[in-house]
Amino acid sequence: MTPRSQGLALGIVVVALAALALGYHNAFILNLVFVGLIYAVLGQSWNWISGYAGQISFGHALFFGCGAYASALFAVHHGSPWLALPAGALVAAALALAVGFPCFALRGHYFSIATIAVAAIAEIAVNNIGALGKANGFEMPILAPSLASLQFNDKGQYVLVALALFAIAQVATVTLERSRLGYYLRAIRANQEAAASVGVDARAAKLATFGAGAALAALAGSLYAQQTLYVGPEDTLALPISIAIALVGVVGGLSTVWGPALGALVYVALARYGGAVLGGQGHGLDLLLYGGLILLIVSWRPDGLAGIGRSIRRFAKRRSAEAPA
Amino acid sequence: MFALISVGLTLIFGVMDVVNFAHGEFLMLAMYLTFGFALVGLNPIFALPFVALAAFVLGALVYRLLIRRLLDGPPSTVVFGTFGLLVFLQGAAQYFFTSDYRSVPNPPFQGTLHLGNVALGEAQLIAGLGALVMTALVFAFVEFTEPGRALRALSEDRVAAQLMGIDVQRMNALAFGLGTACVGAAGALLMLTYPAFPRVGTEFALTAFVVVALGGFGSVQGALVGAILVGLVEVLGGFYISPALKLIPVYALYLVVVLLRPQGLLGRR
């Protein structure tokens, strides 16, 4: 898609969801939309490093957790959530740089397993650190609803805030795709040696992307915590969350602007029937369907749902071009 | 116990240059199958050969139907494919078996052995011995039989092995089946001391990755040494630091090994 049609598509989605948030007051549906947007942002932040740069991370929940815990800590200690957002993002980015600096020397699955190991260490550590609430986590105090406290009575307003973050993530992705860094990343994914031989600093490019993605994931984590007002290791840091984030990215389509949003849509729709949204165990049917979907996509369409959409568009274009004027 | 799980993983990895993220899920399935046998009154030890055989067939099938297709794509395809398999199997287990913990009813070997002032659970002892015997069997197979030699040839140099007339597809299926049979046997033994639940595989698989990295990907002896080391680190970490934190040194060990000595302790490059 050209940038203009990207902007148009984003505009339509934003207007439609904003209208829904303001006009429709079904808390259940709005909650699903909110979680869907959070996952779309998480999937996108994962897509930067794992899609465009091809470094598959199975530990992304670590950064989501950074943001969530930042919000919780600021709320418990009477800080403004507007300070928690940048604080969580900074911590997440710093962690990503600290992890990425040694681990980007690893290739392929060695890197993937390392991300699982790091996230697992962090989860165990949080489970045992008193200042971080151990396994119980934090209940955040309920404040007077306002934009300053980032707490609202109406689910629709949470949706609006998440929508803003989603729009930022989408615009950032389009910018990334067309930037020098975006080309570097795709070159690294295709062949790191070849990219390095023409002067691409692979480690710096990967680090920048990983850090930015971690910060974005932390912002999503903060917003999520503002809405649930509870933060615990089980539903922010655990491996199933990392897996869910990767799921959203793979199903929608790697290295595509709209893939994570599509993946999140499917995820939320399935979770709605599976009864599990973020961390809940549900009865597993959603996971079963999701796993099946991934298997189908990986064996037949590695570019995911967005890729299928692209083929359909191309097909339609060819049809209209062939049709007599 | 980790040795057996890891030997399975290392076989698949070494021969096919493929990492199976769903390895732990095969373990989980094997545990449920053993549980099923136990429900009809079969001791896990006697169920072991059947479970291992079933796992072998399952592994070979999964290879034929899925993994072979993925090998044509870029390396990340296999990561995502086996990852999809992980999610699929976990979801299936949760859906059909629910997430309750299930243990063998009236488990055999409840006694305790006292060697001096060391107390050992009989079940643990038998599970450990069983794992050791199975590891030795796999080692013997890979080291001394004709198909075993073919497997090793493949892991050393795929193209040369192919030129010598080794059927790569058949050997890959064999390696995948054998690797899965190893976790099958491990699952049966594990049921002596551990409950089955849908997410049981993840925990063990992660440790198995540490073991395999430690021993060198693709080395059976390495897996055994790595398993013993990881077991020691886990126990010592639990003893000297805190039982709740015992897995931290284990995972940290993985990071240290892959960053500083990627070929593993015994691996060659």
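**View 1. Helix α10 of chain B and its buried residues.** The buried residues of α10(B) are B:Val220, B:Gly222, B:Ala223, B:Leu224, B:Gly226, B:Ala227 and B:Val230. Buried means 20 or more other C-beta atoms within 10 Å of the residue's own; exposed means 12 or fewer, partly exposed lies in between, and C-beta atoms are placed from the backbone. The helix covers residues 220-240, 21 residues that reach 30 Å from first C-alpha to last. That is close to the 30 Å expected at 1.5 Å a residue; the expected span is 1.5 Å times one less than the number of residues. Helices (H or I, at least four residues) and strands (E, at least two) are DSSP runs, numbered from the N terminus.

This is a predicted model: local features need pLDDT of at least 70, side-chain atom pairs count only at pLDDT 80 or more, and totals for chains, interfaces and linings use all residues. Residues are numbered from 1 along each chain as its sequence is written, and chains are lettered from A and ligands numbered from 1 in the order in which they are written.

**View 2. Helix α11 of chain B and its packing partners.** α11(B) has 14 residues and reaches 20 Å, close to the 20 Å expected. Its buried residues include B:Leu247, B:Tyr251, B:Tyr254 and B:Val258. They pack against α5 (108-128) of chain A, together with α9 and α10 of chain B.

**View 3. The side of chain B that touches chain A.** The contact takes 37 residues from chain B and 39 residues from chain A. Two residues are in contact if their C-beta atoms, placed from the backbone, lie within 7 Å. On chain B, α3 (44-71), α4 (75-97), α9 (200-215) and α11 (247-260) each supply at least two residues. α4(B) gives the most, with 17 residues. This side divides into 26 nonpolar, 10 polar and 1 charged. Here Ala, Val, Leu, Ile, Met, Phe, Trp, Tyr, Cys and Pro count as nonpolar, Asp, Glu, Lys and Arg as charged, and the others, Gly among them, as polar.

**View 4. B:Phe88 against chain A.** B:Phe88 is found in helix α4 of chain B. It counts as buried because 21 other C-beta atoms lie within 10 Å. Leaving out residues up to four places away in sequence, B:Phe88 touches A:Leu288, A:Gly291, A:Gly292 and A:Leu295.

**View 5. Two loop residues of chain A with positive phi.** Most residues other than glycine have a negative phi. A:Leu229 has a positive phi of about 60° although it is not a glycine. Its place is in the loop between α9 and β2 (230-231) of chain A. A:Leu229 counts as partly exposed because it has 16 C-beta neighbours inside 10 Å. A:Ser255, also not a glycine, has a positive phi of about 55°. A:Ser255 sits in the loop between α11 (239-252) and α12 (259-274) of chain A. With 23 C-beta neighbours inside 10 Å, A:Ser255 counts as buried.

**View 6. Confidence along chain A.** Chain A averages a pLDDT of 83, and 93% of the residues score at least 70. pLDDT is the predictor's confidence in each residue, from 0 to 100. In chain A, helix α9 (residues 202-228) is highest at 91, and helix α14 (residues 304-322) is lowest at a mean of 73. Residues 276-280 of chain A fall below 50, yet this stretch has 13 contacts beyond near neighbours in sequence. Where pLDDT is low, the predicted coordinates should not be read in detail.
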